[in-house]
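Hello,

Here is the structure I promised to pass on. Please open it and read the notes below alongside it.

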Amino acid sequence: MNKTWLIIQREYSSRVKNKRFLILTFLTPLLIVGLIAASAYFSITGVEFRKIAVIDPNGFIKTSLKNTNQISFSFPEKVDTTNYVEKGYTDILILPQFEKGKKSDYVLRSKKSMGLMLQESISNRINSAIEDQMLQDAGIQQNMLDSIHKASQVAELKAYEDKGSSSKESNAGLAMGIGYASGLLIYMTMFIYGAMVMRGVMEEKTNRIAEVIISSVKPFELMMGKIIGIGAVGLTQFLLWIVLIISLTSAASGFLPADIQHQVTTLQQNNGQMAGGMMQASESAQKIYSLQHTISTANWPLIIACFIFYFIGGYLFYAALFAAVGSTVNEDPQDAQSLMFPITMPLIFSYIITNMVTQNPNTPIAFWASIIPFSSPMVMMARVAYGVPSAVSYWELGLSMLCLVGGFIFTTWLSGRIYRTGILLYGKKVTWKIMFKWAFKKA
Amino acid sequence: MDALLSLQNLKKYYATQKAVDDISFDIERGSIFGLLGPNGAGKTTLLRMITGIFYPDSGHILLDGATFNPMVDIEKIGYMPEERGMYKKMKIGEQALYLAQLKGMSKAEATEKIKYWFKKFEMESWWNKKVEDLSKGMSQKLQFVITVLHEPKLIILDEPFSGLDPLNANLIKDEIYALAKKGSTIIFSTHRMEQVEEICDHIVLVNLGKKILDGSVAGIKQQFKENNFSIEIKAGAGLTSNSIFTIINETNSKYLIKINEGHSVNNVLQYIIEQKIELIGFNEVLPSLNEIFIKLVEGTHAGARAFQNI
């Protein structure tokens with residue numbers, strides 16, 4: 001045990017002290033935050049601006065068609081399909097004379113084709129303008145209409161989970177996001193750290209240091225030391241990332257204007273309502289509050305605990321298999337590629353299932369995939385995000401965890417037997433059939 | 001005899017061959033023992049069983065009179081395998097420290113020993129270098145230091161001189177003698193017979209997984225002597241084969257003869273005196289280990305064994 005500890009220490013410190021580890025650890029969160037910031041920036045500034053000339057024989061559209069920051073509507077004289085480009089318009093919209101009860105088409109002509117989202121937005125605007133006009137024709141006053149519009153936006157769908165006497169707010173979008181993100185993270189970890197274990201084993205074998213070490217420790221101790229050491233590197237990296245991301249986001253929120261920050265705090269204190277007598281909260285403050293509020297609806301302690309469990313369990317399950325493959329590879333890295341295939345296949349397959357499960361957490365395939373240890377680390381995380389016990393009952397979670405523990409004990413045992421023979425065997429091309437023989441031969 | 005290590009009827013069969021097939025021998029405490037054999041004879045398998053890497057299929061290993069227990073006894077052994085390597089990216093000092101600690105030494109103790117050996121071998125400036133910066137001979141020296149660092153009772157060296165220049169080879173050789181004098185027992189595995197003749201007290205020859213020779217170097221040479229003698233006579237006179245001896249080889253009045261059966265050295269001398277030939281030198285010629293090795297192994301198809309089924 002003492003020697004395994006020494007091996008763990010070496011595996012850990014030789015990697016953590018490596019410059020590549022530091023660079024990767026500190027650059028990745030910066031890169032993620034940078035990517036989010038960049039895509040937000042481009043979604044605001046990078047959108048093209050359309051200036052649309054509207055030809056409207058009805059006359060009422062002009063009053064109710066509103067400009068946005070992407071589209072401006074104008075109603076010029078003497079513009080037609082032949083000269084709208086010269087007059088400085090990007091598109092021309094020709095509306096027919098509307099008649100009650102009769103379906104009619106309106107035409108949009110442009111030099112540059114228009115995106116689907118923009119088309120839909122224009123069509124929505126015109127339809128609601130027509131609707132407004134019809135309501136007014138039916139005798140509803142303009143100011144009344146305005147107040148109806150305002151009042152109708154207050155309602156918002158809020159789903160609640162029933163938990164016996166109490167109920168808890170739930171948010172499917174958030175659950176999907178958490179499920180997807182944690183599934184993806186576990187998937188990436190399996191690949192990154194699994195491959196790291198495999199390369200480490202191959203290094204020891206091709207360097208021929210394996211025999212020196214195995215004359216001091218048991219092969220199993222060497223293998224476990226490597227797996228645990230590299231797993232600790234992975235955990236360290238995750239913890240550093242979490243710390244970095246939290247500090248970066250809190251630093252970023254420090255850049256918000258003071259009055260918005262103040263409003264957000266007030267909203268938090270008063271459970272979403274501004275205190276009586278105070279001014280209405282600004283739009284951005286409300287957005288930030290609702291984002292924070294949504295995030296707070298998830299059961300974070302459970303999700304984090306499950307994530308750590310499935311991260312460690314899944315890692316141990318797959319790392320042992322990767323170690324076994326590494327021990328059978330000779331000088332040729334191409335051998336590794338073909339031997340890795342049976343390990344990467346279930347990983348990729350589980351990832352695909354995870355994507356399905358994030359949308360639909362309670363199908364039979366979701367159930368089975370979250371019990372079988374090959375896929376449970378990813379799939380169960382996607383389901384747990386929807387809540388325990390509302391989406392996943394306690395016995396399912398327990399069974400899945402039990403199976404995973406049993407699974408990694410089995411793969412470790414199996415790999416230990418393959419590793420023991422493989423690590424000292426040179427010059428022989430090993431197939432899965434031979435590995436199977438090594439694993440199950442006696443003594 | 002006070003045996004440090006005693007192998008009794010060791011067997012290890014692989015799927016395709018009998019790597020070690022019923023081998024027994026004892027190794028005396030403080031001796032330098034040569035384990036010889038052609039490629040693929042089963043030496044490495046035998047050594048791996050002695051170092052606890054492999055378990056024998058049957059048979060017993062006694063170390064210091066007690067049954068060998070790899071869990072504990074591994075620390076009494078220093079093994080330098082033929083295929084040796086290091087972590088290329090790791091600093092040399094740290095690497096030596098790590099491997100010494102794996103052998104059960106405390107950090108302080110290991111540091112002290114490493115410094116002692118590095119100083120002895122003029123390697124002090126290597127501490128912060130990486131293994132990839134070392135030449136093959138240099139890393140060989142490092143390997144040797146790591147093998148003997150924890151003062152093992154039993155030191156196993158597989159081809160320790162390959163890749164070393166004569167200077168460094170002598171350095172290691174002197175260390176081997178010194179270690180044996182201090183009471184360590186050394187198993188020395190090689191194909192280089194002249195080194196064995198020079199260094200070893202006792203040898204065992206294995207071939208095709210079986211022991212075919214066991215004894216002291218001098219004893220084995222006696223056992224395989226072929227009644228060959230070298231005779232040097234004064235120039236001008238001539239010798240011819242006769243009923244007493246046969247001439248095998250002749251160069252410039254130096255003859256290599258074989259005494260025919262039924263005759264003795266005295267018969268030869270008597271004959272020379274009777275012929276009035278002036279004798280300058282007369283010596284017994286013992287076969288070299290190399291000759292014995294070739295004689296015993298040749299024709300057994302040892303090389304092709306790996307591809308045969310039992």
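Predicted model: local features only at pLDDT ≥ 70, side-chain atom pairs only at ≥ 80, totals over all residues.

**A sheet in chain B**

Leu62(B) stands opposite Thr67(B), a residue of β5(B).

The partner of β5(B) is strand β4 of chain B, residues 58-63. The two pair in the antiparallel sense, over 2 bridges. They belong to an open sheet of 4 strands in chain B, in the order β2-β1-β4-β5, with antiparallel pairing. Which strands stand at the edges? They are β2 (18-28) and β5 (66-67) of chain B. Each has a single partner strand, so one side of each is left without a neighbour in the sheet.

**Chain B as a whole**

Chain B has 310 residues, and 35% of them count as buried. Its secondary structure comes to 10 helices and 14 strands. The C-alpha atoms of chain B fill a box of roughly 75 × 45 × 40 Å along the principal axes. The chain is divided in two: domain 1 covers 3-222 and domain 2 covers 226-285. The C-alpha centres of these two domains of chain B lie 44 Å apart. Take the contacts in chain B with a separation of 6 or more: 69% of them join residues 24 or more positions apart.

**The first helix of chain A**

Helix α1 of chain A holds 15 residues, 2-16. At 1.5 Å a residue it should span 21 Å, and its end C-alpha atoms are 21 Å apart, which agrees. Its buried residues are Ile7(A), Ile8(A), Arg10(A) and Glu11(A). They cover an arc of only 160° around the axis, which puts them on the same side of α1(A). What do they pack against? The buried residues of α1(A) meet α8 (219-253) of chain A together with α3 (92-102) of chain B.

**The nonpolar cores**

In soluble globular proteins, nonpolar side chains tend to be buried together. The largest nonpolar core here has 130 residues. Ala319(A), Ala323(A), Met381(A) and Ile156(B) touch the most other members. Helix α11 of chain A (residues 300-328) gives the largest share of this core, 15 residues.

Met381(A) is worth a look. Leaving aside neighbours within four places in sequence, Met381(A) is in contact with Gly179(A), Ser182(A), Gly183(A), Ile186(A), Cys306(A), Phe307(A) and Tyr310(A).

A second, separate core has 13 residues, including Ile61(A), Leu65(A), Ile92(A) and Leu93(A).

Best wishes

Terms used
Residues numbered from 1 in each chain as written. Chains lettered and ligands numbered in written order. Expected span 1.5 Å × (residues − 1). Buried ≥ 20, exposed ≤ 12 C-beta atoms within 10 Å, placed from the backbone. Arc of directions from axis to C-beta. Contact = placed C-beta atoms within 7 Å. Core = buried A, V, L, I, M, F, W, Y, C linked by C-beta atoms within 7 Å. Domains from an automatic or database assignment. Pairing = 2+ DSSP bridges.
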